[in-house]
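This briefing is intended for reading beside the sequence and the structure.

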Amino acid sequence: MKAGDLGELALRNLREALLRNSLTTLGVAVGVASLVAMLSLGVGLQEIATKRLSNSGLFDTVFVAPRLNIRGFGRPARATSAPAEKPRALDDDARQEMERLPNVVEVYPQIRFPTEVRYAGIPYSTIVAGVPASARGNGSFEGMQGNFFSAPDAEEAILQIEFAKELSEQASSLVGKEVVVRYAERQALGPQSRAADSASGEGNAGAGPGFSIIPREKKLRVVGIVETEPAAGFGGFGSGRLLIPLEVAAALRAAQVNDLRDVVRATSSKPTYSSLTVRAKSPSQVEAIEASIKKLGFSAFSLLDATRNLRLFFTIFDLLLAIFGSLALAVATLGIINTLVMAILERRREIGVLKALGAADRDVKQLFFVEAGVMGLLGGVFGVGMGWLIGRGVTWGTNLYLQRQNLPTAHVFSVPWWLVLGAIAFAVVVSLAAGLYPATRAARLNPVEALRYE
Amino acid sequence: MPTSNGVAVRAERVSRHYQMGSALIRAVDDVTLEVRAGEFLALLGSSGSGKSTLLNLMAGLDRPTSGAIFAQGRNLSELNPVELARYRSRTVGMVFQSFNLLPRMTLEENVELPLRLAEVDRAERGKRVADALERVRLEKRLTHRPSELSGGEQQRAALARALVNRPSILFADEPTGNLDSATGESIMELLREIQQTLGMAIVLVTHERPLAERFADRIASVADGKLVSDGVKP
């Protein structure tokens, strides 16, 4: 029989037992809906986790340190490392070289130093951290009170909420107020290194014959209070409780912990960094960048393995959700088998007539097959729609709850195109598989016996 | 199409046995019968004589336990299921006692069904359906469903469905069995008319001797699965 005729006859047969076939199709739809709902929950959660983590800078960041430094921690030089590669100084040349690497978004030094903050005449000890301008898009600053820094060189500060609570019981009232930051400025000794130091413009650059420490004060306006402790990777500004723009932090030339170490191990006449943070366009490029930096002669670390584990976790999580979601579809499959087997009993005589009129076994089989496939297709389409609605409902409910808890809203459900098409295709395939037995049974009916059937 | 030697279908020492528990039922037992092209043959026998089984074997609905059935020079027993289905579709037309129209379809759709199965072009179907229904004088009932028709009309529609693929043999299994005598007679007259105008062979299975004697060219009697007489009417 031609495909068009097959389709017409199948649709006619489905229309005739409308209630039963609709209920069977609804069963498939519910099965698909549960599968779609489960998987879109998995996909949604994965997207949230990936977005949050990539925003946090943990996974798109490579932390770079000079090789020298690593050995300095007491590790023996590896015998396998290429002897030709001399440990390079982590200076401005190296920084520019890294900036030129493909897929590198930015390279910045880590600046963090202890300070005393004065507010309302009372001193508080804390750690200041420099924040790169690119951190504006960071998930950590979402839902903050006040605003992010108005400019990369603005003399402004963002307080971590716990620290803000120390300063004032009404933490939010601090936004717009001024705080005074007292810190130790490092001034290089000797005219040559002093010039080099100021030319570099970076606070962390200060190798040379030595330096002196001078106490300084800086007035900063509080522009925001951040809820969570921002963490830009282990090379970033994590654990800072008073955050200031990186450019401002660099200009302060505040003495840092590693300055003491550098001064006794001066190997370069140029100013060097104790570490640099290299940010990649996306986590997928981290591995290549890390390798390139190692080739340049530096130590490089990333949390790439952690992202791999994250992917593994979500793959298993999705698989489990898919299995639970598929249970309903498995029940729906039994529904299809039941409906079609019932149809064979009811249409026994009709099958006999069709065979007497010239239908081959193949024609009868295909007819039942198409009927199963159409139920699967319709069930799949309705099911995806239902799953999408369930997702919308759950997202709405979740966000209502999150809002009441004063937490930022999130899209817990995500229905990507591959899931829509995949679910419909899966429903059709499962329905065809369910139709296999009834279709084969119908095709094998003996026409003489079928015609005798009343 | 009739074979070159003028034989539409020929059963040669055909048997059809069934196993019913421990008993062996010989529904058709060593029957040799020839249906000539264009003739009207009546297979006469009482209920359970094996006449319908013999008809099913010749119509390609069933396969013999032994023996051979030749149609168009080919042994039906040797055809694969697809070829046998094609034989039923293109060479054979069938009419049943209980009409066997599909109740959910209109007359037009019922008559179109064999054309769909034979993969006849859609463009040609309408004309052939109209011709077939005109031949049985149901051209004004195209859109009616079988339940809206009388028994006689339903059997005429079934006849149109059997004719629509222009078969060379028409098998009619007790076509008047569910009809009153007057309607039955009109169906028989229609069969006769079709045989004469279209020149096809008709094999009529019946238990009514008067009907067979009145309309058939030749009567073959079957009893207990065996052919007991075969002859042209006196």
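Which strands of chain A does helix α9 (residues 286–296) of chain A lie across? Helix α9(A) lies across β1, β2, β10 and β11 of chain A, and its direction is at about 160° to that of β11(A). The model discussed here is predicted. Chain A contains 14 helices and eleven strands, and 43% of its 454 residues count as buried. Among contacts in chain A with a separation of 6 or more, 85% are between residues 24 or more positions apart.

**The four-stranded sheet of chain A**

- The strands of this open sheet follow the order β2-β10-β1-β11 (chain A), with antiparallel pairing.
- At the edges are β2 (104–109) and β11 (298–301) of chain A, each of which pairs on one side only.
- From one strand to the next, the twist averages 25°.
- Strand β2(A) and strand β10 (residues 276–280) of chain A run antiparallel and are joined by five bridges; within β10(A), A:Ala280 stands opposite A:Val104.
- Helix α4 (residues 92–99) of chain A also packs on the sheet, where it touches β1 (61–66), β2, β10 and β11 of chain A. The direction of α4(A) makes about 160° with that of β2(A).

**A:Val286 in helix α9 of chain A**

- A:Val286 is a residue of helix α9 of chain A.
- A:Val286 has 23 other C-beta atoms within 10 Å and is therefore buried.
- In sequence, A:Val286 and A:Asn103 are 183 residues apart, yet their C-alpha atoms are 8.8 Å apart in space.

- Helix α11 (residues 348–356) of chain A has seven buried residues out of nine, so the rest of the structure largely encloses it.
- The buried residues of α11(A) are A:Glu350, A:Ile351, A:Gly352, A:Val353, A:Leu354, A:Lys355 and A:Ala356.
- Their cover includes elements of both chains: α12 (361–404), α13 (417–443) and α14 (447–452) of chain A, together with α2 (81–90) and β6 (92–95) of chain B.
- Just after α11(A), A:Gly358 adopts a positive phi of about 115°.
- Between the chains, 17 residues of chain A are in contact with 19 residues of chain B.
- On the side of chain A that touches chain B, the elements giving two or more residues are α1 (3–16), α11, α12 and α14 of chain A.
- The residues on that side of chain A comprise nine nonpolar, one polar and seven charged.

**The open antiparallel sheet of chain B**

- Four strands of chain B form an open sheet in the order β2-β1-β4-β5, and their pairing is antiparallel.
- Its edge strands, β2 (23–36) and β5 (74–75) of chain B, each pair on one side only.
- Five bridges link strand β1 (residues 7–20) of chain B to strand β4 (residues 66–71) of chain B in the antiparallel sense; in β4(B), B:Ala68 stands opposite B:Glu12.
- Helix α1 (residues 51–58) of chain B packs on the sheet and touches β1, β2 and β4 of chain B, with its direction at about 120° to that of β1(B).

- Strand β8 (residues 201–206) of chain B is mostly covered, with six of its six residues buried.
- Cover is present on both faces of β8(B): B:Ala201, B:Val203 and B:Val205 are buried on one side, and B:Ile202, B:Leu204 and B:Thr206 on the other.
- Strand β3 (residues 40–44) of chain B pairs with β8(B) in the parallel sense over five bridges, and B:Phe40 stands opposite B:Ile202.
- Strand β7 (residues 169–173) of chain B likewise pairs with β8(B) in the parallel sense over five bridges; here B:Ile169 has B:Ala201 as its bridge partner.

**Helix packing in chain B**

- The axes of helix α3 (residues 107–117) and helix α5 (residues 151–163) of chain B come within 7 Å and cross at roughly 30°, which means that α3(B) is roughly parallel to α5(B).
- The crossing of α3(B) and α5(B) is right-handed.
- From α3(B), B:Leu107, B:Asn110, B:Val111, B:Leu113 and B:Pro114 meet B:Ala157, B:Ala160 and B:Arg161 of α5(B).
- By class, the residues of this contact are six nonpolar, one polar and one charged.

Notes: Residues are numbered from 1 along each chain as its sequence is written. Chains are lettered from A and ligands numbered from 1 in the order in which they are written. This is a predicted model: local features need pLDDT of at least 70, side-chain atom pairs count only at pLDDT 80 or more; totals for chains, interfaces and linings use all residues. Axes are lines fitted to C-alpha atoms, for helices over the stretch in contact, and angles run from 0 to 180 degrees between N-to-C directions. Angles under 35 degrees count as roughly parallel, over 145 as roughly antiparallel, 65 to 115 as roughly perpendicular and the rest as oblique. A crossing is left-handed if the near helix is turned anticlockwise from the far one by less than a right angle, and right-handed if clockwise. Two residues are in contact if their C-beta atoms, placed from the backbone, lie within 7 Å. Ala, Val, Leu, Ile, Met, Phe, Trp, Tyr, Cys and Pro count as nonpolar, Asp, Glu, Lys and Arg as charged, and the others, Gly among them, as polar. A residue is buried if 20 or more other C-beta atoms lie within 10 Å of its own, exposed if 12 or fewer, and partly exposed in between; C-beta atoms are placed from the backbone. Two strands pair if DSSP finds at least two bridges between them.
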